[in-house]
Amino acid sequence: MTELSLRLAVSLAQIAAVMGIVMLTVMILTLAERKVLGWMQDRMGPMEVGPYGILQPIADGLKLFFKEDIVPAGANKAMFTLAPILAMVPAMIGFAVIPFGPNVTVDVFGITIKPFVISDINIGVLYILAFASIGAYGIILGGWSSNSKYSLLGGLRSAAQVISYELNVGLAIVGVLLLSGSLSLVTITQAQAGGFWHWFIWGARPDGFFPIHTQIFAFVVFVISAVAETNRVPFDLPEAESELVAGFFTEYSGMRFAFFFIAEYANMVLVSCVAASLFLGGWNAPYPGTILGYAGLEQLAWIENVAWFTLKVYMFLFLFFWLRATLPRLRYDQLMRFGWKVMLPIALANIVVTAITAYFFPR
Amino acid sequence: MNLKTWIKTITFYDLLVGMKATMSHLLHYRPVTLQYPHEKRTLPDNYRGMLALLRYDDGTEKCVGCDLCEAACPSRVIRVVSAEVPGQPAKRYSKEYYMDMTRCLFCGMCVDACPVDALGMTREFEWAVYDKRQLHLNKEQLLAIGDRSFPVREKQLELQHQNVAFFNVAFKHLPQKPS
């Protein structure tokens, strides 16, 4: 067996594992969202399939799988088929650069691999941003090719919204990039090691406690823009139920609809992972080192790191549900005004302030 | 905009108040919903459910085929085909009686209109069907609903001579309807 094929096999195994975990998370999310939403609205959520409805995602998946696949008359069939794929692939592909655990290396059959990140490329953040933008094409094309006015309106709204808020996401993380001096998510996360005051949301220097480089404004801008970018309430204008039936996927059914659905939830998980990695220290525990490491189990410290990462990601996902249970949808002009006249100046001012403080108090 | 409003705006104060409200509902989780097929709410006493035709205790139908229910119905649910009772020229009954329950709005006006209390509203409400035509009920079905919902039947009083018109009340020696 050559080294190349071995690397390929290991990479494919990693990809399969990450895909499996993401799909599992999406399944959990579909149930968790309905449950949390129900509890917050004094309801029970799904209760029928399995004990307390825990098998509901399986039932939903089977139902969607066996649904009739309808292509509306007048739809552009090629684009109609392409759109869900174009929405789902970028959402999945972004996970390639997310570090789920510590940056350790393992030797397998003579080759060195990093088990907790599929590919530690040095432009990781740009890569995620680029593919998130491509994901918008899936939505726009889906809206256009359906040959339905609701879908078209949803797609157009999505285009305008993604442009407005993608910009804010990009500008909000510039501060983090300035401080860490890297675009690789692994390096960025490593720069936040050693206690929660070193996380970029507080931004203490590696030798101090004072949050001099705090990125909390950038963090707020990032979270709000991430909610908008994933088309979630209160920014769910592309799929506004009360105005546009279901927005860009009005005409979709069966597995094609499921693809859009999975893409939306995978995008949620992705932005949560990015937010956790960039601002909340990724896999780092909120205290220096790891408890398992102090206990002499250095080989098992990754369990603690992965657990912290998972906790942070799920915290963000809970925030998504929480916002959905609380807030009504924004009007379209409010959305645009908020994006361009509030979020953008804050993000720009954050870059200026961070640049100045980083110049006078370098890390 | 004064300072207080400004601070409230930049700290998302109003959003946080709303989010606190939803979170408090999550923490003090007290669902108000009923898991319907497994648990059913108790119906009020005057619940107006499925309509039914009733019988007297000897098994004869109460309906005299007067068509007043058909006239009273605002949705034109009821269709009565009235006919003479064979061999009793002054007595009538409903030869056919149809109810199109797809249109019924359960107002109870037919029950109020009936002079002989031949109609009743049961407490049945689980009448979802796959075929709409199953909701077009005939007399036998309506009587069957009445039979299963009203096991205690009213006694038939011979208010009038059989061959005398119903609204003629001149025969004082016959028993009167209790008031």
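Which residues does A:A275 touch, not counting residues up to four places away in sequence? A:A275 touches A:F222, A:V223, A:A226, A:L280 and A:F316, where two residues are in contact if their C-beta atoms, placed from the backbone, lie within 7 Å. The views below are taken from a predicted model, in which local features need pLDDT of at least 70 and side-chain atom pairs count only at pLDDT 80 or more, while totals for chains, interfaces and linings use all residues. Residues are numbered from 1 along each chain as its sequence is written, and chains are lettered from A and ligands numbered from 1 in the order in which they are written.

**View 1. The nonpolar cores, with A:A275 among the residues that touch the most other members of the largest core.** A nonpolar core is a set of buried Ala, Val, Leu, Ile, Met, Phe, Trp, Tyr and Cys residues joined through C-beta atoms within 7 Å. A residue is buried if 20 or more other C-beta atoms lie within 10 Å of its own, exposed if 12 or fewer, and partly exposed in between, with C-beta atoms placed from the backbone. The largest core has 98 residues, and A:A87, A:F222, A:A266, A:V269, A:A275 and A:F279 touch the most other members. Helix α10 (residues 254-278) of chain A supplies the largest share of this core, 17 residues. A second, separate core holds 22 residues, including B:V80, B:Y97, B:C110 and B:I145. In soluble globular proteins, nonpolar side chains tend to be buried together.

View 2. Helices (H or I, at least four residues) and strands (E, at least two) are DSSP runs, numbered from the N terminus. A:T189 counts as buried because 29 other C-beta atoms lie within 10 Å. Leaving aside residues up to four places away in sequence, A:T189 touches A:P99, A:S277, A:G281, A:G282, A:W283 and A:N284.

**View 3. Confidence along chain A.** The predictor's confidence in each residue is given as pLDDT, from 0 to 100. Chain A averages a pLDDT of 85, and 100% of the residues score at least 70. Within chain A, confidence is lowest in helix α9 (residues 241-244), at a mean of 76, and highest in helix α12 (residues 301-326), at 89.

**View 4. The open sheet of chain B, in the order β2-β3-β5.** Two strands pair if DSSP finds at least two bridges between them. The sheet has 3 strands, and the pairing is antiparallel. Because β2 and β5 of chain B stand at the edges, each with a single partner strand, one side of each is left without a neighbour in the sheet. Strand β2 (residues 78-85) of chain B and β3(B) pair over 8 bridges; B:S82 has B:S94 as its bridge partner in β3(B), and B:V85 has B:Q88. These two strands, β2(B) and β3(B), form a hairpin with 2 residues between them, and B:G87 in the turn has a positive phi of about 85°. On the other pairing, β3(B) and strand β5 (residues 136-137) of chain B are joined by 2 bridges, with B:L137 in β5(B) as the bridge partner of B:M99.

**View 5. Two loop residues of chain B, B:D67 and B:F106.** B:D67 lies in the loop between β1 (51-53) and α3 (68-72) of chain B, and has a positive phi of about 75° although it is not a glycine. B:F106 lies in the loop between β3 (88-100) and α4 (109-113) of chain B. Phi of B:F106 is near 55°, also a positive value in a residue other than glycine. B:D67 counts as partly exposed because it has 16 C-beta neighbours inside 10 Å. B:F106 counts as partly exposed because it has 16 C-beta neighbours inside 10 Å.

**View 6. Chain B and its contact with chain A.** Chain B contains 5 helices and 5 strands, which follow the pattern α-α-β-α-β-β-α-β-β-α along the sequence. Of its 179 residues, 16% count as buried. The contact takes 13 residues from chain B and 10 residues from chain A. On the side of chain B that touches chain A, the residues divide into 7 nonpolar, 5 polar and 1 charged; Ala, Val, Leu, Ile, Met, Phe, Trp, Tyr, Cys and Pro count as nonpolar, Asp, Glu, Lys and Arg as charged, and the others, Gly among them, as polar.
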